[in-house]
Amino acid sequence: MSLDRYYLLGRSGLRVSRLALGTMNFGTGGFHAAYGKTEDESRQIFRRYLEAGGNFIDTADFYTAGESERILGTLIAEANVRDKVVLTTKFTNSVAPGDPNAGGNGRKHMIRAVEASLRRLRTDYIDLFMLHTWDRITPVEEVMRTFDDLTTAGKIRYAGLSDVPSWYAARAQTHAEAHALAPAVSLQLPYSLIDRAIEQEHVAMGQTLGLGITAWSPLGGGFLTGKYRPSDQGLSGEGRLSDAGSPSGSSWSEREWRLLAALEGVAGKLGVTMAQVALNWVATQPGIAAAIAGASSVRQLDANLGALDFELPAELRAQLDEASAVPPVSVYRMFTPGYQSWLVNPGVKVGDKPAEYAPAVQNWVA
Ligand SMILES: NC(=O)c1ccc[n+]([C@@H]2O[C@H](COP(=O)([O-])OP(=O)(O)OC[C@H]3O[C@@H](n4cnc5c(N)ncnc54)[C@H](OP(=O)(O)O)[C@@H]3O)[C@@H](O)[C@H]2O)c1
């Protein structure tokens, strides 16, 4: 089973499964209530993930208004696996509307958030504490200083960033390096066959600066499982996307349905499911340390667990790459192999880099 092989996360000694368990739907409160799961349903999913050897758990303080953390605290205590799991949580989103320091990335909120997460998770340390979203205000120096203080205080083991511009992460990391502060080891971003935007900047930045990328919504929220079909309303099929529209907020485009057909073709040739191919593609892309998969039931999780038990042959990967490609725009056109051999190195055979997997993947440890 592929979950019980562990890989180094970014430039760190932390060993994690390449499929992390997303728990945004554990609990039935708050923002994610529409597709939330009860404690019992969450327990089954959590236990199955552990049985398969998985050790990488993702949550956040505001998921299901704190219920996700509370449920995880209970489940981890019940299974007596606190030291075995790599527990990730995040702060930024407000937990008390109207209170200016109950959200954002300032030091006051970071410290208050870590204490509240520790209480809900029923633990005295967090393995990976992440800034959830760039708040556009707090100086990067303040955030990295606070991460360093929380590490020294033993409240957190590692720091990470989620949903930030690549320039911000680069500034944060170089600041930490220059001042010998605890660095960030991971970057959490949306990434899947239908959303490859992070390839423009974030992937190369993460590889250069030692940030292992963990990909959220690797199935595009369920779209890439193939259970939806085009309809007058946008799409039809059973699942949380049926009334939600596309991830970008616009309607589902021809491109996305064409991509789905290509994915179905590849899955058919390999004799596996579309979801498994989609997860495999994400987890083995350059710079990607792990795909954070969500599941609404044990049945779904079970079906997805084999995603890393096969190799995606180069020619089939190329078909998926082509079907999901987004043509580079503006200045990014100048960094493509075509442009470079036309103007930067005309008449010179430079060659593309060989297809590299994530450095973390090459650092495989048993
Ligand atoms: N940092 C961030 O800003 C951020 C943002 C979003 C998520 N996240 C993290 O990423 C995790 C995963 O996000 P996600 O839930 O959007 O990921 P996802 O893996 O793209 O989508 C998971 C959903 O797809 C459907 N699905 C999964 N396997 C299936 C199968 N075999 N057959 C049919 N349907 C299947 C289920 O939804 P239905 O059954 O309802 O259709 C499931 O809840 C979250 O739990 C959270 O930890 C982080």
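Me: Which element gives the largest share of the lining of the second largest pocket?

Reply: α9 does, with 4 residues. The model is a predicted one. Three elements, β8 (184-190), β12 (288-293) and α9 (298-305), each supply at least two lining residues.

Me: What is the volume of the second largest pocket, and which residues are closest to its centre?

Reply: The volume is about 1,300 Å³. Of the 50 lining residues, G220, G221, G222, R240 and G294 are the closest to the centre.

Me: How does the lining of that pocket divide by class?

Reply: There are 21 nonpolar, 21 polar and 8 charged residues. Gly counts as polar.

Me: What puts the charged end of R240 over the ring of Y35?

Reply: The charged end of R240 is 4.6 Å from the ring centre of Y35. The distance limit is 6 Å, with a further limit of 35 degrees from the ring normal. R240 is listed as sitting over the ring. R157 likewise lies over the face of Y125, 4.0 Å from the ring centre.

Me: How many aromatic pairs are there?

Reply: The count comes to 11.

Me: Why is the pair of W134 and W167 called edge-to-face?

Reply: The ring centres of W134 and W167 are 5.4 Å apart and the planes stand at 90°. Pairing needs centres within 6.5 Å, and edge-to-face needs planes over 60 degrees apart. W134 is in the loop between β6 (126-131) and α4 (140-152), and W167 is in helix α5 (residues 166-178), 33 residues apart.

Me: What makes the pair of W134 and Y168 tilted?

Reply: The centres of W134 and Y168 are 6.0 Å apart, with 45° between the planes. Stacked needs under 30 degrees and edge-to-face over 60, so 45° leaves the pair tilted. W134 lies in the loop between β6 and α4 and Y168 in helix α5, so the pair ties together parts 34 residues apart in sequence.

Me: How do you know whether Y168 is buried or exposed?

Reply: Y168 has 3% relative accessibility. The limit for buried is under 20%, so Y168 counts as buried.

Me: Which residues form one aromatic cluster with F129?

Reply: F91 and F147 form one aromatic cluster with F129.

Methods:
Residues are numbered from 1 along each chain as its sequence is written. This is a predicted model: local features need pLDDT of at least 70, side-chain atom pairs count only at pLDDT 80 or more; totals for chains, interfaces and linings use all residues. Side-chain values use heavy atoms; hydrogens and water are left out. On a 1 Å grid over the protein atoms alone, a cavity is a set of points where a 1.4 Å probe fits but cannot get out, and a pocket is an open set with protein on both sides within 12 Å along at least five of seven lines; lining residues have an atom within 4 Å of a point. Grid points are joined across faces, edges and corners, and a volume is the space filled by probe spheres set on the points. Buried means under 20% relative accessible area, exposed over 50%, partly exposed in between (1.4 Å probe, protein chains only).
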